[in-house]
Amino acid sequence: MLRSLYSGISGLRVHQTMMDVTGNNIANVNTTGFKSSQTTFQDTLSQMMRAAGAPQVADGVNQAAGGSNPAQVGLGVRLAGIETNFGQGAAQTTGRKTDLMVQGDGFFVVQNGAEQLYTRAGSFSFDANGTMVTPDGNFVLGWNTADGTFDTTDPVTPVQLPMDGSLESYTISQDGTLVGVMTDGTKRPIARVAMGNFVNPGGLEKAGGSTYRATVNSGDAAVGTAGTGGMGLMQTGALEMSNVDLGQEFTNLIISQRGFQANTKVISTSDELLNDLVNLKR
């Protein structure tokens with residue numbers, strides 16, 4: 001069979017994947033905290049038709065024959081990877097004081113059952129028990145305090161408001177600290193929202209619900225306070241929008257469509273050649 005037939009098939013597969021990734025990016029253009037992805041292609045193995053030849057020297061001084069370059073035929077294309085773009089998304093002002101946005105690097109730390117996950121989507125609220133949660137009901141993790149001090153080396157726990165009737169209102173500062181206004185008129189810190197950062201955020205695995213989980217290539221999360229350890233600050237009353245660039249995505253649609261179309265032409269042309277070969281003897 002013609003090598004071009006298999007090369008064309010491999011081209012169809014990778015351009016279909018590119019279309020799938022592009023379609024997902026466009027579908028999530030308004031998803032809070034969504035990070036777009038992009039595909040990277042690379043060629044597969046090449047078949048050696050002729051190896052490289054070294055220049056030949058006749059008498060140690062004069063060259064008898066020149067060298068020759070290798071002759072190879074490629075065998076198609078394959079998907080090298082699908083990378084996530086963690087660039088900053090635009091701010092969407094909401095006015096809700098429990099809506100948080102990360103300005104810079106880092107992730108909010110949330111708990112889904114027994115699993116610790118990470119997210120850039122900061123649409124939070126407090127449930128009937130005074131626990132800060134995501135729209136899916138996952139706990140937002142941090143540190144709680146009764147004396148106004150925080151030990152960020154302690155394990156993170158769900159952020160909790162005092163439920164004894166002593167809290168009148170609260171504000172959230174840029175480092176994620178919830179400052180409560182008590183019924184006696186005093187102000188004191190009551191909790192702090194934690195943030196996590198990774199050596200290689202690109203190694204995170206998308207876990208659905210705008211969350212990520214750590215992998216062996218992302219490294220363990222460095223959990224700490226916003227504004228420290230290379231992590232950004234928190235902005236209250238705003239959410240981070242998707243970083244999808246619609247202009248780029250529509251361009252990718254055209255590229256993937258034309259790439260797919262060109263590879264179908266390779267397959268149909270290869271089929272015509274095979275048909276001519278079969279019909280040599282009639």
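The largest pocket in this predicted model holds about 170 Å³ of space. Here a pocket is an open set of points on a 1 Å grid over the protein atoms alone, with protein on both sides within 12 Å along at least five of seven lines. Its volume is the space filled by probe spheres set on the points, which are joined across faces, edges and corners. Lining residues are those with an atom within 4 Å of a point. There are 14 of them, and Ala 121, Thr 134, Pro 135, Gly 209 and Ser 210 sit closest to the pocket's centre. By type, the lining splits into 4 nonpolar, 9 polar and 1 charged.

A quick word on the ground rules. Residues are numbered from 1 along each chain as its sequence is written, and side-chain values use heavy atoms, with hydrogens and water left out. As this is a predicted model, local features need pLDDT of at least 70 and side-chain atom pairs count only at pLDDT 80 or more, while totals for chains, interfaces and linings use all residues.

Back to Ser 210 for a moment. What is the phi of Ser 210, given that it is not a glycine? Ser 210 has a positive phi of about 60°. Ser 210 sits in the loop between strand E19 (205-208) and strand E20 (211-213); helices (H or I, at least four residues) and strands (E, at least two) are DSSP runs, numbered from the N terminus.

Now for a pair of helices. Helix H1 (residues 3-27) and helix H2 (residues 246-278) have axes that come within 8 Å and cross at roughly 160°. Those axes are lines fitted to C-alpha atoms, for helices over the stretch in contact, and the angles run from 0 to 180 degrees between N-to-C directions. That makes H1 roughly antiparallel to H2, a label for angles over 145 degrees. The crossing of H1 and H2 is left-handed, meaning the near helix is turned anticlockwise from the far one by less than a right angle. Where H1 meets H2, the contact residues come out as 14 nonpolar, 15 polar and 1 charged.

How open are some individual residues? The table gives relative accessible areas, where buried means under 20%, exposed over 50% and partly exposed in between (1.4 Å probe, protein chains only).

| Residue | Relative accessible area | Class |
|---|---|---|
| Ser 210 | 28% | partly exposed |
| Asn 24 | 36% | partly exposed |
| Phe 260 | 32% | partly exposed |
| Leu 277 | 54% | exposed |
| Val 266 | 33% | partly exposed |

Asn 24 belongs to helix H1, and its C-alpha atom is 8.4 Å from that of Ser 36, 12 residues apart along the chain. Over in helix H2 you'll find Val 266.

How values were computed
On a 1 Å grid over the protein atoms alone, a cavity is a set of points where a 1.4 Å probe fits but cannot get out, and a pocket is an open set with protein on both sides within 12 Å along at least five of seven lines; lining residues have an atom within 4 Å of a point. Ala, Val, Leu, Ile, Met, Phe, Trp, Tyr, Cys and Pro count as nonpolar, Asp, Glu, Lys and Arg as charged, and the others, Gly among them, as polar. Angles under 35 degrees count as roughly parallel, over 145 as roughly antiparallel, 65 to 115 as roughly perpendicular and the rest as oblique.
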